[in-house]
Amino acid sequence: MDTLRIERVSFLCLVAGLLIAGCQRDERPAPSVRESLSTADRAPAEAEQPRETPEAAPPPKPKSNPVALVNGAPIERRDLINLLIETRGLSYLQQLFLAEVARQETTRQGLDVTTDDIDNEYNHTLQADRFNGKDPDKLTPARQEQLIEEWTRTRGITRAELAIAIERQAHLRKLAEREVIVTDTMLELEYRIKHGERVEVRHIQIPAPRDWPKIKKRLDEGEDFEMLVRDFSQNGISREKGGLLPPFAVKEDPTVPPVFAELAAKLEVGEVSNPVEAEGSYHILKLERRIPADGVTYEEVKPVLKRHLRARLVAQRMEAIGQRLLLQSRITIKDPTLRKQYETRLDGQEIIGPRLQSE
């Protein structure tokens, strides 16, 4: 999961007003019988001149509220907000949805997420690649600042997005840690996965087999597999590592799709597979190496295995809880642009979420 975490930040609030104008008809009551009789013998009065209807006043111009000036010309706040909504609004809104449902759930369960929990989440997120079964080192403020700068720059996200994600993950972690239990049977399987015979592969993740002929042509011409990962793979996490996946066992390894293990068991070192389907995408595998069992005993590594396995299960549980809470939520989007974007992307299965509530 290419997932992210964050210092609390409030995003822009959009407030829209609706001006409703009305008009009243000018109706005069019909004359009474007494009035009609009293005027019957009088000379006819001059015809009443039609009253002039005043011209409707033009609607007032919106009050100028510029965020900047260019050669004296205003850049209006409403124009900037509309642009942000159309381009990044839905992405930000989804982050806020998930952060809010996570906060609501910890509150419902009576769990307290502290500033220390959020600081620890920075440690988990910013040092995720260094996790090896031990708790990450506590970050100094200077080191945390350096890693935040690297994270935001290399992943193309803002500090505000990272801050929202970190707080969200802290809430989800608090929820998940209560549910994860590690048994001896699970640890024995983890031992076979981590210390038995394993394989290491690279992969290219593509949406459909139609990309395979172009990839195969370049492979046949001798192009490096890692270059093809960069050009074709849709998996942002593994793409940063040239498509390299963590080593996995060829039997009973729940961390990879079964088809990966079956295919890797048949490949020769350096061989590239045809595309195979797994979990909604297609994958092209290249076997990098086979890793023999290392001979370490179960008792030697049991404490580290337990910590490592628990960390992985908690991360998986966090993702599952977040998705469940989001799908069970009731969402109304009042802004018409965001509502249309949400419904279109939901229909296209580009995002996960519930159907919108009617206003």
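Q: What span should the 12 residues of H3 have, and how far apart are its end C-alpha atoms?
A: The model is a predicted one. At 1.5 Å a residue, the 12 residues of H3 should span 16 Å. The computed separation agrees with this, as the end C-alpha atoms of H3 are 17 Å apart.

Q: Are H3 and H5 roughly parallel or roughly perpendicular to each other?
A: Helix H3 (residues 115–126) packs against helix H5 (residues 159–177) with the axes 9 Å apart and at an angle of about 105°. Angles of 65 to 115 degrees count as roughly perpendicular. H3 and H5 are therefore roughly perpendicular.

Q: How many nonpolar, polar and charged residues does the contact of H3 with H5 have?
A: On the H3 side the contact includes Ile118, Glu121 and Tyr122, and on the H5 side Leu162, Ile166 and Arg173 are among the residues involved. By class, the contact has 6 nonpolar, 3 polar and 5 charged residues.

Q: Which helices are included in what covers the buried residues of H3?
A: The buried residues of H3 are Ile118, Glu121, Tyr122, Asn123, Thr125 and Leu126. Their cover includes H5, helix H4 (141–155) and helix H11 (298–328).

Q: Which residue in the turn between E1 and E2 has a positive phi?
A: Strand E1 (residues 66–70) and strand E2 (residues 73–76) run antiparallel and are joined by 4 bridges. Leucine 69 stands opposite proline 74 in E2. The two strands form a hairpin with 2 residues between them, and the turn residue with a positive phi, about 50°, is asparagine 71.

Notes. Residues numbered from 1 in each chain as written. Predicted model: local features only at pLDDT ≥ 70, side-chain atom pairs only at ≥ 80, totals over all residues. Heavy atoms only, no water. Pairing = 2+ DSSP bridges. Axes fitted to C-alpha atoms, helices over the stretch in contact; angles between N-to-C directions. Parallel < 35°, antiparallel > 145°, perpendicular 65-115°, else oblique. Contact = heavy atoms within 4.5 Å. Nonpolar A, V, L, I, M, F, W, Y, C, P; charged D, E, K, R; others polar. Expected span 1.5 Å × (residues − 1). Buried < 20%, exposed > 50% of the residue type's maximum accessible area, 1.4 Å probe, protein only.
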